[in-house]
4 protein chains.
Amino acid sequence: MHQTITAMVETHPTEIRYDRQLLEECIAACAECAQACTSCAEACLSETDVDPLRRCIRANLDCADLCATTARVLTRHASYGEDALLGLVLAACAEACRACGDECASHAEMHRHCEVCAGACRRCAEACERLLATL
Amino acid sequence: MHQTITAMVETHPTEIRYDRQLLEECIAACAECAQACTSCAEACLSETDVDPLRRCIRANLDCADLCATTARVLTRHASYGEDALLGLVLAACAEACRACGDECASHAEMHRHCEVCAGACRRCAEACERLLATL
Amino acid sequence: MHQTITAMVETHPTEIRYDRQLLEECIAACAECAQACTSCAEACLSETDVDPLRRCIRANLDCADLCATTARVLTRHASYGEDALLGLVLAACAEACRACGDECASHAEMHRHCEVCAGACRRCAEACERLLATL
Amino acid sequence: MHQTITAMVETHPTEIRYDRQLLEECIAACAECAQACTSCAEACLSETDVDPLRRCIRANLDCADLCATTARVLTRHASYGEDALLGLVLAACAEACRACGDECASHAEMHRHCEVCAGACRRCAEACERLLATL
């Protein structure tokens, strides 16, 4: 995946407006986190006791949607200026990742899929914040 | 569509945490704007002279993705508290709608699909801001 | 919503390749069903006894994703020929709607949101099949 | 990304109903192809002469949407049976990848981003067909 992201950024016909490495890392982190959250929602739904995991499932679904949209917006903004929008999207995505990561971390000891997902959320929140700091 | 949104909000098993009318209007406006923007991107791609419409197509694609995600997040947050996330998502969506609406409005006289889309964007930006003001 | 869909189809710069009314109805049905399913998944997650609703939540999430993608593909194919793809997408969407509608219908007496959602699913499955029959 | 997909499949609380390696490869291929197609649409929009790339942009957008939805449906179906739906979704995704891959390949010599994207499309079509053959 990262290789494909790099190849696509490198072959883009116009100048990239952002730090290339931070942009690529943020797109990769969003794609990974979207996948982890979709998977964690499904795993939570499959647990014997789903009742205490409702909040986690909602946070997973929100985070998956936000990360997927953020990866798309970032990809389109490589060369085109809308820093106000990009900043707001990154802030919303970082918050979704933080909320979902905290929720997952709170039962990471009981559910290993939540532990894996919490890691993906934390990496994605950090990648969004690092890129946001350069805008 | 609005009837279905109302019926689903009315039959939700727990208390709705937001102003019901503003919530329903915002979900409906997001769904309508997502559809208008997907359609406007396609219509722009079909114009004889697509060159001056590149920026509009990008704004359409961003706005369609943001509106679709916002409709989902709003629907999930009817009964569950994450006001910080909801506020950031509404702010990002309103900005995408404003940017896309301005772009579409700038060639509304030449392309009627941009005129229709600009209207949907403006209504959606306003609906997001009205709901945001109550958080 | 339907008004916006009609206005966008009417203002499209090139010829529409499909029956206009069936196309508009199918896009509207997909948008409505995507919204109903996202909402039904949330309502199911909010029920006191979520355990017997796991299968319904998965069917809702699948159906919401399929309907949203189908509305987008239909919108883009108004004027551009890829009947093989359109046929497969409509068939997949109709199946997702049928599976979700059957699941929702099976507990419609107990959960009114499932009854509303089952109706949206049935209308969407039928709209997809009607359009599919003209390809 | 692949590591996260593997970790999530491994930590799923119930039995996986499909060939684990084919499932993981297909999810990874869909995620990669969705990203490549979003990126290729943006790169095409940024080319000096966008006119001959309209068809490619539409194919990219269709393929990105289909691949994203397919990754989600596959992730949810790891443990839950709806083979009829899964088969139709995989067939639709494979067709979108084939159509987009052919289009991209036809100008791969002129645009290196289309060459990279054509590769991602081909790998994803093959991964979908391999999994489809086991249903």
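These are my notebook entries on two chain interfaces in a predicted model.

**Ground rules.** Residues are numbered from 1 along each chain as its sequence is written, and chains are lettered from A and ligands numbered from 1 in the order in which they are written. Since the model is predicted, local features need pLDDT of at least 70 and side-chain atom pairs count only at pLDDT 80 or more, while totals for chains, interfaces and linings use all residues; side-chain values use heavy atoms, with hydrogens and water left out.

**Entry 1: chain B against chain D.** I looked up the symmetry to begin with. Chain B goes onto chain D by a rotation of 180° with 0.0 Å of shift along the axis, RMSD 0.0 Å (least squares on the C-alpha atoms of residues with pLDDT of at least 70 in both). The two copies are thus related as by a two-fold rotation axis.

Next, the contact (heavy atoms within 4.5 Å). I find 13 residues from chain B and 13 residues from chain D in it. Of the interface residues of chain B, 100% are also interface residues in chain D, so the copies meet through the same surface.

The buried area is about 1000 Å², with 49% from carbon and sulfur atoms (accessible area, 1.4 Å probe, lost when the two parts are put together, summed over both). On the chain B side, B:L45, B:R54 and B:R58 lose the most area, together 56% of what that side buries.

I then checked salt bridges (a side-chain nitrogen of Lys or Arg within 4 Å of a carboxyl oxygen of Asp or Glu). There are two across this interface. I noted the one between B:E42 and D:R58, 2.6 Å from N to O. The elements giving two or more residues to the chain B side are α2 (20–45) and α3 (54–76) (helices are DSSP runs of H or I, at least four residues, numbered from the N terminus). α3(B) gives the most, with five residues.

**Entry 2: chain D against chain A.** Here I get 33 residues from chain D and 33 residues from chain A. About 2900 Å² is buried, 66% of it on carbon and sulfur atoms. D:M1, D:M8 and D:Q35 supply 22% of the area that chain D buries here, more than any other three residues.

The salt-bridge count is two. I looked at D:R72 with A:D65, whose side chains meet at 2.7 Å, N to O. On the chain D side, α1 (2–10), α2 (20–45), α3 (54–76) and α5 (112–132) each give two or more residues. α2(D) gives the most, with ten residues.
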